[in-house]
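Here's a quick look at how one chain folds up and how two of its pieces meet. Have the structure open as you read.

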Amino acid sequence: MTDSELIRAVNEVFVDSFEIPPEKITPEAQIFADLGLDSLDVVDLVAAIQKRFAVQVRDDERVRSIRSMQDLYNYLILIRSEQKLG
Amino acid sequence: MMGRGVGKRSIGSWIRFVWLNAWFWTVAPLVSVTFISLAAIYVGVFLVLLRNRRKTQWLIRRSMGVYGRLMIICAWPLVRVKYVDYAPQETPPFLFICNHRSSSDAYLTAYVGCECIQVLNIWPAHVPLMGQLARLAGFLRVREMPFEEFVAAGSRLLQQGCSIIAFPEGTRSGSVALGSFHGSSFRLAQLNRVKIVPFVISGNENIPRRGSAWLNPGTVAVSKLPAVTPEMYEGMTPYKLKTLVRDMIARHLDGQTGQSHVE
């Protein structure tokens, strides 16, 4: 999966799981402030991402620092490269 | 700090402002002490005689509604409330979803007119006496309990027929802005399949303004909108549901003010 494919797949998770209009999902969008997710939605988001990308991120401390969609893309790209190395 | 942020006043406006606050802050404490003392005795006698926790809680909840109405009356006629119920035929229990601009919202919810409790943030639950009454009445302290405990307690209340009033913005906006909504109350409604009623309050952002105790004269509009029924939200994600209800409130506010509250 290329970076752009990964980004598209992440955006699809937001559209499918939360019915967020695709035009609102931009790299700059803040997950809490702009997209309106709350702490419970984030639990659902983590579950959806784990299912979509077959990764375990629930206990990863780095998840806590994610604020924007770009942060999330970067994090998942990093996770993917770590898995490749592993 | 009097009248902070409300701009320049005319002399007439100053007179009304001083009159309102002198009157309210003289009468409201007297009414509060008298009402709460009498209500405490009444509830105490009721509890001793009946030894029925459920009926006692019902009495406390209704008494708190009466107290809210009394506080609104104390500010009359310089603060007027226009209440419109757009669906009076609907029957409780409901989950009321309120926008939150001012501390007076807690009193204005007395207009719901049925047995109800409020979902509290941290600080209101620790206000002396009122916090204790709120705990006795079974108010939910959402920030001080795990989500599972919140759902269990909320479900018990709804099954008893008690409605729940939630402020999903979490804190007072202190302005005309409508903040983003937290979804915990919506999840509770979905789990219990209860009707969700948007309860819109506007015009009280300066009655009192956030961070101030001073009331400004004005008219407050309180609207109980038609319910979103379980059939309407069937299959929706909690996120979609909270967005739907937020948009309903925002559109109603738009209609009142002519400015957009929809993101």
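## How two helices cross

In chain A, the axes of helix α1 (residues 3-18) and helix α2 (residues 39-53) come within 10 Å and cross at roughly 130°. Axes here are lines fitted to C-alpha atoms, for helices over the stretch in contact, with angles from 0 to 180 degrees between N-to-C directions. α1(A) and α2(A) are therefore oblique to each other (under 35 degrees is roughly parallel, over 145 roughly antiparallel, 65 to 115 roughly perpendicular, and the rest oblique).

This is a predicted model: local features need pLDDT of at least 70, side-chain atom pairs count only at pLDDT 80 or more, and totals for chains, interfaces and linings use all residues. Residues are numbered from 1 along each chain as its sequence is written, and chains are lettered from A and ligands numbered from 1 in the order in which they are written.

Who touches whom between α1(A) and α2(A)? Contact means C-beta atoms, placed from the backbone, within 7 Å.

| α1(A) | A:A9, A:V13, A:S17, A:F18 |
| α2(A) | A:D41, A:D44, A:L45, A:A48, A:I49, A:R52 |

## The whole chain

Chain A has three helices and zero strands (DSSP runs, H or I of at least four residues for helices, E of at least two for strands, numbered from the N terminus). Along the sequence, that reads α-α-α. The C-alpha atoms of chain A fill a box of roughly 35 × 25 × 20 Å along the principal axes. Among contacts in chain A with a separation of 6 or more, 58% join residues 24 or more positions apart.

Conventions
Two residues are in contact if their C-beta atoms, placed from the backbone, lie within 7 Å.
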